[in-house]
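Hello,

Here is the structure for you to look over. My notes on it follow below.

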Amino acid sequence: MPLRFLISESISDGQSISLAADRAHYLTKVMRHKVGDIIECFDGNGTLFDAQLTDVGNKRCTVMVREVKAVQQRPTIGLHLGISLLKGQAMDRAIQQATELGASSICLLNANRCNVHLTADRLDKKMSHWEKIIAGACEQSGQLFLPTLTAPQPLEHLLDSADTEIIILDMHGNKLPSTLPKVERLLLMGPEGGWDDDERSLFAAHQLPCYQLTASTLRAETVPSVALALFSHLQQL
C-alpha cells in the first residue's frame, strides 16, 4: 500500500490547502510528488480522501481536495497505553510501534525508576518530536486516527483520574487469561528497571490486576507493541 499523507484540517470537496514548509518538503522531496499527482490523504480523525498537487513553490505547495473516499468514526471501545519515559530512540520506537498497532491514546508516565528528566523547554521540543513520529507512523501503517499524546504525569495522578479499566503489565505478574471481555482499557508499562515496591503497593491499594506478557524479559520499548497485539487479539476472541 502506498504511503498516505496526513493533512490535519477539516476537509471538503474542492478545497485548496496550502502546506507548511516541512510538509511541502516531505510531499515533494521525500515522497517525490509532482504537480498533477493524485495523493491519498487522511486528516487523522477518520477521513480518507484524494487530493491533487496543484502548485509547488519555494518551501511551499498547494493541494486541492478531489474526493472524500471514506469517513470513519473512532472505535467506541479504545485500547490505551501508559508508557514510562525511556531514553532517546527507545522512546521513539515505543511510540512509533504503539501508533502502528492502533493505540487509541498514549499517556506518558514519570515512573520512579525512570531516568529521563526533562526541563519544560526540552519537554515541549520532545512532545513536538513525538507528535511527528505519531504522524509518520500513521502515514506508514495506514491508520486513519492519530492517537492522542498526553504529557508525562505522575503515576498516582493517572490512577486517580483514569475512567477506564486499568491493567498493569509486569514481568512478575500473573499469566494472561485466555480471553478478555471487550471493554475500554488502559495498559500501564514501566521503565527499563521495572516497577518499584512503592508502585506495586500503589497498584495493590487500587486492586489493579497485574499480568506478564511472556515468560521472557522484554525490553521496555518492545512491550507496547507486544501488549497491543496480545490484548487486541484476546478482546476479539
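Lys59 sits in the loop between strand 4 and strand 5. The model is a predicted one. Lys59 has a positive phi of about 60° although it is not a glycine, and Lys59 is exposed, with a relative accessible area of 65%. The two strands on either side of this loop make a hairpin with 2 residues between them. Strand 4 and strand 5 run antiparallel and are joined by 10 bridges; in that pairing Ala51 stands opposite Val65 of strand 5.

Strand 4 also takes part in a hairpin with strand 3, here with 4 residues between the strands. In the turn, Gly44 has a positive phi of about 80°. Strand 3 and strand 4 are antiparallel as well, with 5 bridges between them, and Cys41 stands opposite Phe49 in strand 4.

The 5 strands form an open sheet in the order 1-3-4-5-2, with mixed pairing. Strand 1 (5-6) and strand 2 (16-19) are at the edges; each has a single partner strand, so one side of each is left without a neighbour in the sheet. For strand 2, there is an antiparallel pairing with strand 5 (residues 60-71) over 4 bridges, in which Ser16 has Met64 as its bridge partner.

Helix 1 (residues 21-30) packs on this sheet, touching strand 1, strand 2, strand 3 (38-42), strand 4 (47-57) and strand 5. The direction of helix 1 makes about 75° with that of strand 5.

**The helix and what comes after it**

Which residues of helix 1 are buried? They are Ala24, Leu27 and Thr28. These residues cover an arc of only 80° around the axis, which puts them on the same side of helix 1. The buried residues of helix 1 pack against strand 1, strand 2, strand 3, strand 4 and strand 5.

Just after helix 1, Arg32 takes a positive phi of about 60°, again without being a glycine. Arg32 is located in the loop between helix 1 and strand 3. Is Arg32 buried or exposed? Arg32 is exposed, with a relative accessible area of 65%.

Regards

Definitions and conventions. Residues are numbered from 1 along each chain as its sequence is written. This is a predicted model: local features need pLDDT of at least 70, side-chain atom pairs count only at pLDDT 80 or more; totals for chains, interfaces and linings use all residues. Side-chain values use heavy atoms; hydrogens and water are left out. Two strands pair if DSSP finds at least two bridges between them. Contact means heavy atoms within 4.5 Å. Axes are lines fitted to C-alpha atoms, for helices over the stretch in contact, and angles run from 0 to 180 degrees between N-to-C directions. Buried means under 20% relative accessible area, exposed over 50%, partly exposed in between (1.4 Å probe, protein chains only). The arc is that of the directions from the helix axis to the C-beta atoms.
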